[in-house]
Amino acid sequence: MRTRSRSPKKAKDEQIFPIRVRVKVPEEGYGQQYVEIQEWLIENAGRDNFAWNADSVPGIDASAFYFYDLEIAVRFIERFGLSLVEWSQ
């Protein structure tokens with residue numbers, strides 16, 4: 001199966017998780033929001049039910065978040081007001 005990534009971790013995540021949400025990294029970076037995001041994901045998705053990888057789109061710094069549950073993915077985007085780059089399901 002061909003994946004969208006060359007990184008072994010990203011390739012594995014893309015095979016395991018059916019939903020990928022790609023978001024723009026805020027201009028100032030995640031800062032304190034990094035910890036908030038991590039804690040929210042663990043509490044709401046569960047430790048082994050998401051993945052977070054650095055990603056890129058030409059000219060855009062991005063992060064890719066992977067989920068099993070579409071509802072959690074939607075709640076995540078709404079909670080943190082992140083800008084979508086691409087939504088794959």
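Predicted model: local features only at pLDDT ≥ 70, side-chain atom pairs only at ≥ 80, totals over all residues.
1. Overall layout. The protein has 3 helices and 4 strands. Read from the N terminus, these elements follow the order α-β-α-β-β-α-β. The chain has 89 residues, and 42% of them count as buried. Taking contacts between residues at least 6 apart in sequence, 65% are made by residues at least 24 apart.

2. Packing of two helices. Helix α2 covers residues 33-44 and helix α3 covers residues 70-80. Their axes lie 11 Å apart, and the packing angle is about 150°. Angles over 145 degrees count as roughly antiparallel, and α2 and α3 are therefore roughly antiparallel to each other. The crossing of α2 past α3 is right-handed.

3. Residues at the helix contact. On the α2 side, the contact is made by Gln33, Glu36, Ile37, Trp40, Leu41 and Asn44. On the α3 side, the residues are Ile72, Arg75, Phe76, Arg79 and Phe80. By class, the residues of this contact are 6 nonpolar, 2 polar and 3 charged.

4. The β2-β3 pair. Strand β2 takes in residues 50-57 and strand β3 residues 60-67. The two strands run antiparallel and are joined by 8 bridges. Within this pairing, serine 56 is placed opposite aspartate 61 of β3. Strand β2 is mostly covered, with 6 of its 8 residues buried.

5. The turn of the hairpin. There are 2 residues between the strands in the hairpin of β2 and β3. Glycine 59 in this hairpin has a positive phi, near 80°.

6. Surroundings of phenylalanine 67. Leaving aside residues up to four places away in sequence, phenylalanine 67 touches Phe17, Pro18, Ile19, Val21, Leu41, Asn49, Phe50, Ile72, Ala73 and Phe76. Proline 18 is 49 residues away along the chain, yet its C-alpha atom is 6.7 Å from that of phenylalanine 67. Some of the residues touched also belong to the helix contact of point 3: Leu41 from α2, with Ile72 and Phe76 from α3. Phe50, also touched by phenylalanine 67, lies in the range of β2, residues 50-57.

Technical notes: Residues numbered from 1 in each chain as written. Heavy atoms only, no water. Axes fitted to C-alpha atoms, helices over the stretch in contact; angles between N-to-C directions. Parallel < 35°, antiparallel > 145°, perpendicular 65-115°, else oblique. Left-handed = near helix turned anticlockwise from the far one by under 90°. Contact = heavy atoms within 4.5 Å. Nonpolar A, V, L, I, M, F, W, Y, C, P; charged D, E, K, R; others polar. Buried < 20%, exposed > 50% of the residue type's maximum accessible area, 1.4 Å probe, protein only. Pairing = 2+ DSSP bridges.
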